[in-house]
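Dear colleague,

My notes on it follow.

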Amino acid sequence: MTTTERGHIKQIFQMWLEVFGLSVLSLVLLCTCCESMNHCYLRLLEHLFEYTSRQLETARRQKSRQPRLERGKGANQAAMLPQQSQELLQKLSTEVASHKDALNARIEQCCDVLADGLRLVLEDEVTPRFAAAAPPPGEWNLLTRNLRHRKRHLNWRLFILWLIGIILRYSLLVPLRTLGCSSCLLLVTLVTGLLGQLPEWSFKRRLVHMALRPCFRLTTWCIPVVRRIHNVQHLPSSGICVCNHTSPLDVLVLMCDVHYSLTGQRHDGILGLIQRALGRASPHLWFERRVLGERESLGLVLRLHATGRARPPILLFPEGTCINNTAVMQFKKGSFAICNVVYPVAVRYDRRFGDAFWDSTRCSMMRYILMVISSWSIKCDVWYMPAFKRRQNESAIDFSNRVKAAIAAQAGIEDLPWDGNLKRWNPVRDW
């Protein structure tokens with residue numbers, strides 16, 4: 001190779017490096033502008049939802065007045081009847097009351113059993129965590145999926161707003177967001193493909209972090225996901241990071257700040273495509289949950305990864321499944337037996353603008369993506385917490401329970417001791 005050819009190759013390499021740097025810089029500036037636009041968009045939605053709440057309250061009051069007006073009309077009509085008719089009505093009402101007393105006496109005999117059974121059903125604190133949580137009382141975000149909770153209090157003003165919202169979301173927002181998310185997926189695939197060709201140099205981890213973080217932030221704008229980050233000084237740089245789990249959006253939200261090594265169930269379809277793309281650029285650990293051998297070998301690989309200083313931090317979801325963000329359920333002890341230091345992260349979503357929960361037993365990934373991009377927005381708070389160290393003579397179970405309680409307290413949600421895998425498998429009763 002002559003000196004002239006080497007000079008041409010060097011110029012081409014420098015040109016592509018400059019193009020890559022300018023692209024990353026433009027993405028960062030675009031994401032910064034888009035985040036400010038999203039905050040203005042959320043403030044506009046908050047004013048709209050306040051108006052719908054007032055309309056719901058007005059409709060509820062009007063409906064509560066109707067039975068009283070009807071009772072008043074019935075009393076006036078009874079007063080206008082002749083004396084004989086009034087005596088007949090009084091006699092019939094007495095007979096009906098006697099029959100009701102006899103029926104009530106029979107029902108009271110089994111009332112204790114019925115009350116105990118209903119109390120057990122109503123006090124079940126596990127099953128509701130595996131389904132989308134109901135919207136707050138007295139509020140409606142104009143989404144069709146929450147219409148059944150507000151249908152009986154719907155007046156013509158709310159009906160027009162709901163109809164305009166459907167037209168706006170499905171004719172404008174959904175096509176634009178679909179195009180944006182598809183472009184971001186293509187961009188991540190291309191970037192990870194290029195980064196995967198690089199040798200394992202010392203600066204590769206920093207380069208992957210600099211290249212993928214703007215891509216993830218651009219994706220959050222396209223959905224859009226509006227994040228509020230707290231305690232940035234506690235961002236993990238190595239070791240193990242544990243977080244409560246609501247949906248795959250948790251990964252997207254957290255990867256906007258730190259590039260993690262991910263672990264999780266191996267998937268097919270679009271989620272599997274994303275997993276394979278990320279695996280080209282950095283070490284990620286995908287396994288099959290039902291294969292015992294893969295789960296056992298995962299613990300050894302995680303232990304070796306956590307002790308390496310040059311490797312990115314590992315992001316773990318110890319619940320093992322998606323919970324609807326109203327509680328934190330049992331953490332698996334294996335995540336806390338690997339290392340004596342963990343970095344907790346608490347994530348809480350605001351359901352007013354859209355529900356981020358993914359019910360994988362009832363909803364496919366494509367349907368979930370459609371639900372997310374057809375929502376108004378996804379808003380979340382992320383708290384990075386100080387490192388938790390395992391105490392002397394503290395078991396892995398006690399360590400996991402202490403971290404779980406801290407995450408639940410920080411996010412302001414319930415702390416439950418039940419296993420999240422009850423969503424997939426029925427409990428075994430020991431006699």
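Is Glu414 buried, partly exposed or exposed? Glu414 is partly exposed, at 39% relative accessibility; here buried means under 20% relative accessible area, exposed over 50%, and partly exposed in between (1.4 Å probe, protein chains only).

This is a predicted model, in which local features need pLDDT of at least 70, side-chain atom pairs count only at pLDDT 80 or more, and totals for chains, interfaces and linings use all residues. Residues are numbered from 1 along each chain as its sequence is written, and side-chain values use heavy atoms, with hydrogens and water left out.

Glu414 forms a salt bridge with Arg129 (3.0 Å, N to O), the term meaning a side-chain nitrogen of Lys or Arg within 4 Å of a carboxyl oxygen of Asp or Glu. The two residues are 285 apart, with Glu414 in strand E10 (residues 414-415) and Arg129 in the loop between helix H3 (111-122) and H4. Helices (H or I, at least four residues) and strands (E, at least two) are DSSP runs, numbered from the N terminus. Arg129 is buried, with a relative accessible area of 10%.

By this rule, the count is eleven salt bridges. In one of them, Lys379 pairs with Glu46, their closest N and O atoms being 3.9 Å apart. Lys379 lies in strand E8 (residues 378-384) and Glu46 in helix H1 (residues 3-79), so this pair ties together parts 333 residues apart in sequence. Lys379 is buried at 11% relative accessibility, whereas Glu46 is partly exposed at 26%.

Yours sincerely
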